[in-house]
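Biologist: I am new to reading structures. Could you take me through a few features, one at a time?

Modeller: Gladly! Here is the structure to look at together.

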Amino acid sequence: MLIHIENERGFTLIELLISLVLASLIGTAIIKTLTDSQQLYRAQTERSSMNSNTRMATAILPAEMRELSATDTIGGDITAMSLTDITFKAMRGLFFTCTAPADGGATGTVVLWGTRSFGVRTDIDGARDSVVIFVEGDSSTATDNYWLHAGVTGTPAIGTACPGGAASITVSLSSVRPIGGLGGVTPGGPLRSFEMIRIAAYADALGDRWLGAQLYSAGAWGAIEPILGPLAPSGLQLTYFNAAGAPTTSVDSVARIGLVVIGQTSIPVRGTGGMRRAVDTLITAVALRNNR
Amino acid sequence: MKSLRQERGVALVIAVFALVVIGTLVAAAFFIGVQQQRVGRNTLTFQQALSAAEEGLTMQVSNWNSTTYNAMAIGDSVTFTGTLPGNAAWYRGTLTRLNPMLYFIRSEGFSADSLSRQHVGLLIRLRPLELQINAALETQGRTELSGSAFLDGSDGVPAGWTCPPAGPARPGIRMTDSTELITRGGCRGWACLTGDPKVEEDPTIDSTSLMTFGDADFSDLRQFASKILPPATYTGVAPVVAGGECVTSEIKNWGEPLAPGSPCADYFPFLYADGSISVNGVRGQGVLVVAGDLNVQGGFEFFGPVIILGRLSTQGIGGHFTGGVIAGNVSLDRNQIAGAASAAYSSCALARALIGSAVARPLDERSWANLY
């Protein structure tokens with residue numbers, strides 16, 4: 001017996017199959033789009049971070065290197081240099097003497113204005129810092145001016161030893177070079193504190209390369225600490241030029257430092273060559289402002 | 001009429017989903033773009049601020065106001081502000097005198113939007129002419145003293161000037177060959193000379209030794225000049241004051257040596273005459289360099305060193321030099337000091353004029369500081 005069902009509704013098997021195929025196609029496309037957009041977002045974030053890193057390198061390193069004097073005949077600020085690292089005296093503070101120093105030959109004492117100090121650090125750290133002090137000598141000529149070098153002994157004393165009972169910082173000096181140079185220091189003259197720093201690219205335990213800094217304190221080098229990164233292999237390239245613009249390997253004739261920083265993303269990102277770590281190169285040069 | 005229940009499809013859902021996906025992508029791209037723009041703008045404003053700070057330093061050195069700055073007391077400061085041409089980046093700063101020779105300039109630079117700031121410093125030193133005058137008059141060749149001319153080697157402090165105590169007496173005249181010194185009239189027999197000794201003979205004196213000043217020679221002196229004098233006769237040289245200010249732009253204003261309270265008392269110009277000049281009264285101070293001959297009359301009074309490439313001649317009531325005179329007399333002509341002329345050695349006048357006329361330059365090394 002044939003039963004006719006009026007207004008029969010529903011999907012045929014064909015319709016169901018077609019709709020399932022279409023739905024899966026659309027779903028796949030949506031998931032792909034979402035995944036791609038997530039990867040794109042992550043890639044862009046990584047690239048943005050990498051760009052910031054390389055830019056930071058070209059802000060931090062030139063700021064340190066610009067203040068160097070490589071040509072100081074008593075002792076230039078660059079003590080070692082290579083393609084991948086540089087060791088130098090990083091200027092940290094600028095102070096002014098308020099009285100004539102006590103000259104003990106290779107030792108001595110300087111009293112600094114406590115209220116006139118500038119720089120990254122406005123104190124002097126006896127463990128890390130050494131100093132250079134301007135020597136006026138004969139005031140009728142500038143040809144005998146120079147900066148003497150000295151180490152700092154103990155912790156500088158805060159007091160009121162400047163004229164008029166003004167705030168003071170009293171610093172004990174050792175290893176004064178040249179011996180007796182403190183006799184030529186005039187009140188009001190500048191003193192600059194510095195610490196030894198080594199800037200280098202290094203690899204951590206996971207093999208990632210970083211731009212790092214190592215400080216010299218209490219007679220020994222500390223551990224290298226990351227400043228920024230990660231860097232690509234050969235991600236830090238330093239080149240050195242003399243005043244004539246020719247490449248030099250002599251630490252006391254450097255007038256300009258060429259700096260190449262190649263940053264890379266911390267994870268592989270999709271690019272034109274597939275998934276890999278993207279790199280970005282930033283090139284700059286720093287002229288040493290304080291050369292003679 | 002069609003019921004909603006009869007509608008089929010997933011177009012709306014897909015459209016909404018697509019909009020969400022596209023919106024997310026756009027938002028992500030926008031976010032990253034904004035971040036990059038901010039980083040770029042930070043770099044730009046950093047450079048603007050640094051350039052402005054550097055400009056603050058440069059302007060103070062290149063526009064050194066020796067009248068004001070060289071007279072500042074130790075520890076005193078002056079402030080300055082300025083704007084970079086071409087954009088609104090600006091700077092402000094302080095110039096402080098550290099000791100008699102050194103100054104420290106601090107300059108804070110700001111970007112055009114004032115959101116980025118850089119702070120730099122510069123140590124500068126007065127660079128007076130390195131001049132050693134060891135007599136009232138140093139010269140070579142034939143020199144004639146006559147009339148009531150007088151050369152005084154005893155170290156004196158000009159009236160009203162504040163200086164350290166005078167030093168030992170110097171020679172009245174130093175010259176290559178004392179037989180070239182001719183004295184006539186009241187000067188006969190070196191009667192118009194005082195000093196220790198009255199006449200010092202030094203055979204090493206020649207054009208080179210007279211015209212060498214530290215690491216500079218005569219050809220370098222023009223760059224020190226604050227006032228260039230064309231060859232001419234200058235009559236009535238005198239300080240010019242307007243509105244309580246010393247008018248340093250006036251070519252015949254050579255400072256005020258006789259009235260310590262005058263606005264021009266601290267004005268010590270470095271005068272460079274491009275050839276021979278004549279001066280007929282009245283007074284001045286500073287450093288006077290003449291690339292030719294100097295002819296003086298009318299009782300002109302000058303305080304400070306005088307360096308003459310050629311010869312010195314005075315007549316009438318002559319000229320009165322306090323400090324010291326070098327007459328190079330490079331053509332070995334005749335210096336003629338006649339009339340009521342006098343030259344008196346004064347270490348005080350020499351030192352004040354040299355310091356007062358000095359320009360400032362950054363220290364030879366380690367002058368620049370990043371103050372953060």
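Biologist: In which strand of chain B is Val282(B) found?

Modeller: Keep in mind that this is a predicted model. Val282(B) belongs to strand β19 of chain B, which covers residues 277–285. A cis peptide bond links this residue to Gly281(B), with omega at about 5°.

Biologist: Which residues does the cis peptide bond in chain A join, with omega of about -5°?

Modeller: That one joins Arg177(A) and Pro178(A). Pro178(A) sits in the loop between β8 (166–177) and β9 (190–203) of chain A.

Biologist: Why is Tyr372(B) called partly exposed?

Modeller: The label applies between 20% and 50% relative accessible area. Tyr372(B) is partly exposed because its value is 38%. Trp190(B), at 31%, is partly exposed too.

Biologist: And Ile14(A): buried or exposed?

Modeller: Exposed, because its relative accessible area is 54% and the cut-off is over 50%. Ile14(A) lies in helix α1 of chain A, residues 13–65. Together with Ile18(A), Val21(A), Leu22(A), Leu25(A) and Ile26(A), Ile14(A) makes a nonpolar surface patch of about 550 Å².

Definitions and conventions: Residues are numbered from 1 along each chain as its sequence is written. Chains are lettered from A and ligands numbered from 1 in the order in which they are written. This is a predicted model: local features need pLDDT of at least 70, side-chain atom pairs count only at pLDDT 80 or more; totals for chains, interfaces and linings use all residues. Side-chain values use heavy atoms; hydrogens and water are left out. Patches are made of residues with over 30% relative accessible area and no salt bridge: like charges are joined within 9 Å, nonpolar side chains (Val, Leu, Ile, Met, Phe, Trp, Tyr) within 5 Å. Accessible areas come from the Shrake-Rupley method with a 1.4 Å probe; for residues, only the protein chains shown count as cover. A salt bridge is a side-chain nitrogen of Lys or Arg within 4 Å of a carboxyl oxygen of Asp or Glu. Helices (H or I, at least four residues) and strands (E, at least two) are DSSP runs, numbered from the N terminus. Buried means under 20% relative accessible area, exposed over 50%, partly exposed in between (1.4 Å probe, protein chains only).
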